[in-house]
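Have a look at the model, then work through each solution step by step.

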Amino acid sequence: MSDVTDAPPRAATSKDAQASAQGSHIWYELMTPDPAGAKAFYDAIIPGWAIGDRLPGDQDYRMIGRSDGGFAGGVLGLTTDMIKHGAKPAWLGYIGIDDVDGTVAQIEAKGGKALMPAFDIPQGRIAMVADPQGNPFYVMKPTPPAGNEYRVSDVFSPTEEQRVGWNELTTPDPVAARAFYGELFGWTSEDFMPMGEFGEYRFFDHRSTRIGALCGVMPGGSQGWRYYIRVPSIGTAVAAVKAGGGTITVGPHEVPGGDHIIIGNDPAGAEFALVGKA
């Protein structure tokens with residue numbers, strides 16, 4: 001991955017800057033065997049996005065540029081060897097923490113697993129982990145660039161286009177997941193929407209911001225983290241998805257608050273989700 005702190009700087013105290021990452025979604029990453037194909041697909045369905053060229057280095061890594069000059073995340077090219085060892089096309093999120101090694105130990109003590117042990121990169125220290133139900137994500141302690149120590153990530157926003165606006169976990173044990181993420185990251189989940197025979201749709205809040213939700217696995221559905229990227233028009237996005245060779249598995253349909261959503265798969269097989277006006 002690359003610089004998860006490439007957000008516009010804002011006024012902050014050192015205490016605020018230190019606290020800013022803990023429990024926040026600070027980066028999103030698409031793992032795909034076809035980065036060039038991903039650029040053609042996502043640049044077309046998400047207005048303002050521009051996936052860049054491969055960065056220098058042994059890994060095929062590309063930044064997802066936004067029209068405001070910031071970044072929405074990155075694209076990691078999967079090699080044949082990675083795929084042979086179980087890597088699949090997918091979107092993964094990075095959750096900021098203050099102590100990577102300590103958090104990994106807590107995750108394992110709670111029944112989770114370290115999929116990739118903690119290691120250092122120029123932008124900080126990271127580890128790929130899975131919760132007790134097997135849902136993967138990254139944890140990271142970012143290192144802000146010298147001279148910009150108070151930068152905070154802005155890849156998540158409940159309202160801004162070109163960013164992830166909703167983090168949704170579908171899991172076979174919502175009660176256990178609610179406790180797991182709450183204890184690790186300080187997320188609260190007191191509010192919920194009843195879904196009848198399908199149980200509850202529990203909302204996750206972090207520092208008074210509603211960041212997403214969790215629910216049980218729907219019949220015929222998949223489990224795992226799903227990240228909804230905000231676009232100006234779901235109708236326009238639907239046409240672009242179909243034209244680009246993707247498929248739509250859910251929607252479009254309206255959700256509480258007036259937004260519309262779709263869930264689908266890109267041409268390489270990675271599941272994606274979009275939210276926006278009709």
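Rings of Phe, Tyr and Trp (its six-membered ring) form a pair if their centres lie within 6.5 Å; planes under 30 degrees apart are stacked, over 60 edge-to-face, and the rest tilted. By this rule there are 21 aromatic pairs. This is a predicted model, where local features need pLDDT of at least 70, side-chain atom pairs count only at pLDDT 80 or more, and totals for chains, interfaces and linings use all residues. Residues are numbered from 1 along each chain as its sequence is written, and side-chain values use heavy atoms, leaving out hydrogens and water.

**Exercise 1.** Classify the pair of Tyr 42 and Trp 49.

*Solution.* Step 1: the ring centres are 6.4 Å apart. Step 2: the planes meet at 45°, so the pair is tilted.

**Exercise 2.** Classify the pair of Tyr 42 and Phe 272, then say whether each residue is buried or exposed (buried means under 20% relative accessible area, exposed over 50%, partly exposed in between, with a 1.4 Å probe and protein chains only).

*Solution.* Step 1: the centres are 6.1 Å apart with 85° between the planes, an edge-to-face pair. Step 2: Tyr 42 has a relative accessible area of 1%, so this residue is buried. Step 3: Phe 272 is also at 1% and counts as buried.

**Exercise 3.** Which residues does Tyr 42 contact (heavy atoms within 4.5 Å), leaving aside neighbours within four places in sequence?

*Solution.* Step 1: the aromatic partners Trp 49 and Phe 272 are on the list.

Methods: Contact = heavy atoms within 4.5 Å.
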